[in-house]
Amino acid sequence: MTAVGIDAIEIWTGKLSLDLPETFAPAKGEDPEKYTKGLGLKTSSFPDTYEDIVTMGANAAKRLMDRKGLVPEDIGRIDVATESAFDNSKPVSTYIAGCLEQVYDDDFHHANKGERKFACVAGTQSIDDAYNWIRAGRHRGRSALVVATDTALYARGDPGEATQGGGAVAMLISEEPSLVELSPEQGYGSADETDFLKPNQQFPSVDGKRSMQVYLARMREALTDFESVAWDTHPDDFAYIPFHTPFPGMVRKAGLLGYRHMIRDTEIEEDLASEIGRQPREEAFDDRESYEEAIRGYMDDLSGTDTYREWYGAAIEPTLALSRRVGNWYTGSVHVARASALQHALENDVDLEGSKLLVGSYGSGAQAEMHAETVRPGWAEEVAALTVDEQLDRRYDLSYEEYERVHDSHNHDLNDDIEAFTQPDGEFVHTGWGRMSERQYDYVE
Ligand code: CAA
């Protein structure tokens, strides 16, 4: 079977940054360690006043097309995944295609365009759609452009304000991909949940603590569903496990849960038994409550073992480096986690070709998806081309008062007109609104 997967990836960060422990925490009267140690975050990215989900997505897509030497007729689909859309009818992909048509001779008139919505899991769903389109043989040799773009803002004063961010990830889905091949096997955990939603409103209604429980419950279901069609996973099977990362502290919990699941009935559980005992089995308990209490005790002990810490340091920690610097990018977040892990491998001369990743995506409302990916021979060259670190270093560092103004400038009810903090340079910018309230964009040389 021909390999289908991610051929190339480009990341575009919002150009502003907010230092959470140094700037945000003191202004909120909070302990900076809530951010560094608890949530695991250092800075969040924010779009400058001339940036939005269209400019960030189009800029990432243009960079990807230029680097791969593509022209519009090479692209048969443009799917945008976002939960920050500003229009209930016209998809963001049409705006992004319109931007790109300003700079390329050709057009995208024969590309299928759409917008995918299921909170943060929509980016992975768009990859899935592209995979199926190629597998079905309907692509005419062309590739799909998937753009996950979000401005993750919460209402001022909401606890979610600690976990904001903004940026875009563009991915090219092709046959014989350079970066990773996707497994045909997938697992789902999906249920009607009311944990995080935006009922015709810009900023989410969130039950933060519940959203964390729902994330873990759906992720666990997705893993067992994946195993039912793939194989019984073992920690040694995967070089890295990138999870959806709303903030690294969430992944700390997911990693522990996943590890406990994967080591059950393995030699790792046996080897750890003399140190922390074997995992509690539900059938040995009279009721669910006492079983859950025993499980919590086992998990606490497990998290303190060297065996677990070493695995976490190798398979999970490297996926979090970028997230600590950018915050939550919603649909792009799990794809940033994958990129972070691959960058770590490149920097540490890890021979990754043929290794497997287990990718855990999640969207509130709620659905988790798990699949495996196999790293392809061209991965190192692709990852070496990423400029995300330089972009992050160049961001403008906001004061708290500036942050408040930036938040207002992106608030659809206010749209406060404030001076930009950075200068656009070779990129698409948002210039204003047209007569039908459509957003307008220009390319700035
Ligand atoms: N030193 C060390 N740790 C500290 C600390 C300190 N001084 N102060 C607090 N902490 C720890 C807390 O113990 C907590 O860690 P644990 O959960 O491991 O106990 C962590 O820092 C956060 O502290 P709080 O729980 O007090 O923080 P909070 O009340 O402000 O809420 C939040 C945190 C619920 C994540 C909130 O920011 C939120 O609602 N965020 C948006 C929702 C979200 O991201 N949910 C994630 C799952 S849903 C999802 O993934 C989809 C999505 O992208 C939105």
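Predicted model: local features only at pLDDT ≥ 70, side-chain atom pairs only at ≥ 80, totals over all residues.
Residues are numbered from 1 along each chain as its sequence is written, and side-chain values use heavy atoms, with hydrogens and water left out.

Now to the helix. The buried residues of α1 are Leu20, Pro21, Thr23, Phe24 and Ala25, where buried means under 20% relative accessible area, exposed means over 50%, and partly exposed is in between, computed with a 1.4 Å probe and protein chains only. When I say helix or strand, I mean DSSP runs numbered from the N terminus, with helices being H or I of at least four residues and strands being E of at least two. An α-helix has 3.6 residues a turn, so residues three or four places apart point the same way. The cover over the buried residues of α1 includes β2 (16–19), α2, β3 (43–46) and α15 (400–409), and that cover is judged by contact, meaning heavy atoms within 4.5 Å.

At the N-terminal end of α1 there is a cap, made by Asp19, which has a side-chain oxygen 2.9 Å from the backbone nitrogen of Glu22. This is a polar contact, that is, a pair of N or O atoms within 3.5 Å, where within protein one must be able to donate a hydrogen and the other to accept it, and where residues adjacent in sequence count only if both atoms are side-chain atoms. Just after α1, Gly29 takes a positive phi of about 70 degrees.

Let us move on to the ligand. It is surrounded by 27 residues, of which the closest are Lys34, Lys209, Ser211, His244 and Lys253; a residue is counted as near if one of its heavy atoms lies within 4 Å. In the side chain of Lys34, an N or O atom is 2.6 Å from an oxygen atom of the ligand, while nitrogen atoms of the ligand are found 2.9 Å from an N or O atom in the side chain of Asp31 and 3.3 Å from one in the side chain of Thr163. On its own the ligand has 1,000 Å² of accessible area, and the protein covers 75% of it, by the Shrake-Rupley method with a 1.4 Å probe, where for residues only the protein chains shown count as cover.

Which elements give two or more residues to this shell? They are α2 (33–39), α6 (208–229) and α7 (248–263), and α2 supplies the largest share, five residues. By class, the shell has 12 nonpolar, eight polar and seven charged residues, with Ala, Val, Leu, Ile, Met, Phe, Trp, Tyr, Cys and Pro counted as nonpolar, Asp, Glu, Lys and Arg as charged, and the others, Gly among them, as polar.

Next, a few backbone details. Most residues other than glycine have a negative phi, and most peptide bonds are trans. Arg140, in the loop between α5 (122–135) and β6 (143–152), has a positive phi of about 55 degrees although it is not a glycine, and Arg140 counts as exposed at 65% relative accessibility. Tyr330, in the loop between α11 (321–326) and α12 (333–347), also is not a glycine and has a positive phi of about 50 degrees, but Tyr330 is buried, with a relative accessible area of 1%. The peptide bond from Gly365 to Ala366 is cis, with omega near 0 degrees, and Ala366 sits in the loop between β11 (356–363) and β12 (367–375).

Ile241 and Tyr312 are 71 residues apart in sequence, yet their C-alpha atoms are 9.5 Å apart in space. In helix α14 (residues 388–394) we find Gln391, which counts as buried at 6% relative accessibility and, with the neighbours within four places again left aside, is in contact with Ile11, Trp12, Thr13 and Arg63.
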